[in-house]
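Student: I am new to this structure and would like to work through it by question and answer. May we begin once it is displayed?

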Amino acid sequence: MPEQDDWQREFDHTWANSAEHKEPSARARMLAARWKENPPEPAPFRADPDPVPRRSSWVSTVVVLGCVAAVIVLLGYAQMRSPY
């Protein structure tokens, strides 16, 4: 029975989370060391990315209709070439 208690204690997350001293992760230590010398510039929480140039709606319409026409032509050609 004591073996089971040791095993349960080993994997008890509440026991681990209640530790007084928690060592920071390697990434946290790396960033703290880097920011000590070069603090980061302030940035908004959700900064808008650079605006992406948008195509006009007629260009998108032409592209879609061209793809549909190409599929229709390819299907018609494939059906014409197939033997009866």
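Tutor: In this predicted model, local features need pLDDT of at least 70, side-chain atom pairs count only at pLDDT 80 or more, and totals for chains, interfaces and linings use all residues. Residues are numbered from 1 along each chain as its sequence is written, and side-chain values use heavy atoms, with hydrogens and water left out.

Student: Which side chain meets that of Arg29 in a salt bridge?

Tutor: Side chains of opposite charge can pair when their charged atoms come close. A salt bridge requires a side-chain nitrogen of Lys or Arg within 4 Å of a carboxyl oxygen of Asp or Glu. The N to O distance here is 3.0 Å, and the partner of Arg29 is Glu23.

Student: How many salt bridges are there by this rule?

Tutor: The pair described joins Arg29 and Glu23. By the rule just given, the count comes to one.

Student: Is Glu23 buried or exposed?

Tutor: Buried means under 20% relative accessible area, exposed over 50%, and partly exposed in between (1.4 Å probe, protein chains only). Arg29, at 40%, is therefore partly exposed. Because Glu23 has a relative accessible area of 61%, Glu23 is exposed.

Student: From which residue does the backbone oxygen lie 2.8 Å from a polar atom of the Arg29 side chain?

Tutor: Arg29 is in helix H3 (residues 26-37), where helices (H or I, at least four residues) and strands (E, at least two) are DSSP runs numbered from the N terminus. Leaving aside residues up to four places away in sequence, Arg29 touches Glu23 and Pro24, contact being heavy atoms within 4.5 Å. The backbone oxygen in question belongs to Pro24.

Student: What pattern does the protein chain follow along the sequence?

Tutor: The chain has four helices and zero strands. Read along the sequence, the pattern is α-α-α-α.

Student: What percentage of the residues of the protein chain count as buried?

Tutor: The accessible surface of the chain comes to about 9000 Å², by the Shrake-Rupley method with a 1.4 Å probe, where for residues only the protein chains shown count as cover. Carbon and sulfur atoms hold 61% of that surface. Of the 84 residues, the share counted as buried is 1%.

Student: Which helix holds Ile72?

Tutor: Ile72 counts as exposed because its relative accessibility is 56%. The helix that holds Ile72 spans residues 57-81, and it is H4.

Key:
A polar contact is a pair of N or O atoms within 3.5 Å; within protein, one must be able to donate a hydrogen and the other to accept it, and residues adjacent in sequence count only if both atoms are side-chain atoms.
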